[in-house]
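Please read it with the sequence and the model in view.

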Amino acid sequence: MLHLRLIVPTDTTDEVVALLETTVGTAHLVVLPGAARSPAGDVVMCDVAREAGDELIRDLRGLGLEKSGSITMENMELTLSDHADRAEDEAPGDGADAVLWEELTEATHEESTFSITYVSFLALATMLAACGVMLDNAVLIVGAMAVGPEFGPLAGISTAIVQRAPRLVVRSLWALIGGFALAMILTAGFAWLLDAFGLFEKSMIEAERPITGFIWQPDWMSFVVAFLAGIAGTLSLTSAKSGALIGVAISVTTVPAAANAAVAFSYSDYQQTVGSGQQLLANLGGIVLAGTLTLLLQKGLWKIRRTRKPAASTPGASVGA
């Protein structure tokens, strides 16, 4: 279940309450007249089944509530109520399959910001991967993959394409391209610095490297793995199962490829630089393509499942006036 809290102008409260009462999947409706101070108005709260949340938010935005008041929705871990159970049973579809598009857009918008924190994590991940590449150490490579924040902009691009939001596409591309470019420049400088201290040397990048040599030798399996990871990552976002993102992060070689390219460039090994760049592009492209197709499929299937909408039979369970 989701908890919905609205700040509603007084002259719109009756219309909003009527909408909530007739929406399948809602329960525990509460109205607190005059409780809101900024912005001024009434506070309206209810619980709603996840599978009914996206359409309800869209209807509330249709009333202009996000401009005249506010719309806040949050996930509830536990709800013990027969009213809530009936609401979930009546709502069409399955909550695990429901996509809250407003929530997804907002989440990817925040994760796609070219900020100091984002660049810092990406640069640190790339430097860790550089150490893993030079030492041919799988543990460091996996750790760098887990630290990298690049899935946010990738998911932002897929979401923006499906939602036809060009501003989010530009924002995500800037975070992705600008972030990687800056991280790779910093990593090249990091490699030069460690070389000056005698910790890195050219023979390390030119060695056989049985564990990490694949990073600069992309093949079709690189794209396949990235495609599967993109599907898993997108499903984890839309189903609010964020724990799966760690598995996604350590299954693709975006950060290690960027690190290998930066270190190889610092030693004028342009063959590895080009190969690593191709690996990076293959992984990024596979994730974006998989994410876009997954969201399109989810959107289409959910639309089909909601074609026949049952009439509401469970209005808000409690109304305080």
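1. The model is predicted. It contains an open sheet of 4 strands, ordered β2-β3-β1-β4, with antiparallel pairing. Because β2 (26-37) and β4 (70-75) stand at the edges and have a single partner strand each, one side of each is left without a neighbour in the sheet. From one strand to the next, the twist averages 15°.

2. Strands of a sheet pair through backbone hydrogen bonds, in either a parallel or an antiparallel sense. Here, strand β1 (residues 2-8) is paired with β4 in the antiparallel sense over 6 bridges. His3 has Glu74 in β4 as its bridge partner.

3. Helix α1 (residues 13-22) lies across β1, β2 and β3 (40-48). Relative to β2, helix α1 runs at about 165°.

4. The largest nonpolar core comprises 43 residues. Met134, Phe180, Phe200, Ile205 and Val263 touch the most other members of this core. Elements giving two or more residues to the core include α7 (138-147), α9 (166-196), α11 (220-238) and α14 (270-305). The largest share, 11 residues, is supplied by α6.

5. Which residues does Phe200 contact, leaving aside its neighbours within four places in sequence? They are Ala130, Cys131, Met134, Phe190, Ala191, Leu194, Asp195 and Tyr267.

6. In soluble globular proteins, nonpolar side chains tend to be buried together.

Notes
Residues are numbered from 1 along each chain as its sequence is written. This is a predicted model: local features need pLDDT of at least 70, side-chain atom pairs count only at pLDDT 80 or more; totals for chains, interfaces and linings use all residues. Side-chain values use heavy atoms; hydrogens and water are left out. Two strands pair if DSSP finds at least two bridges between them. Axes are lines fitted to C-alpha atoms, for helices over the stretch in contact, and angles run from 0 to 180 degrees between N-to-C directions. Contact means heavy atoms within 4.5 Å. A nonpolar core is a set of buried Ala, Val, Leu, Ile, Met, Phe, Trp, Tyr and Cys residues joined through side-chain atoms within 4.5 Å. Buried means under 20% relative accessible area, exposed over 50%, partly exposed in between (1.4 Å probe, protein chains only).
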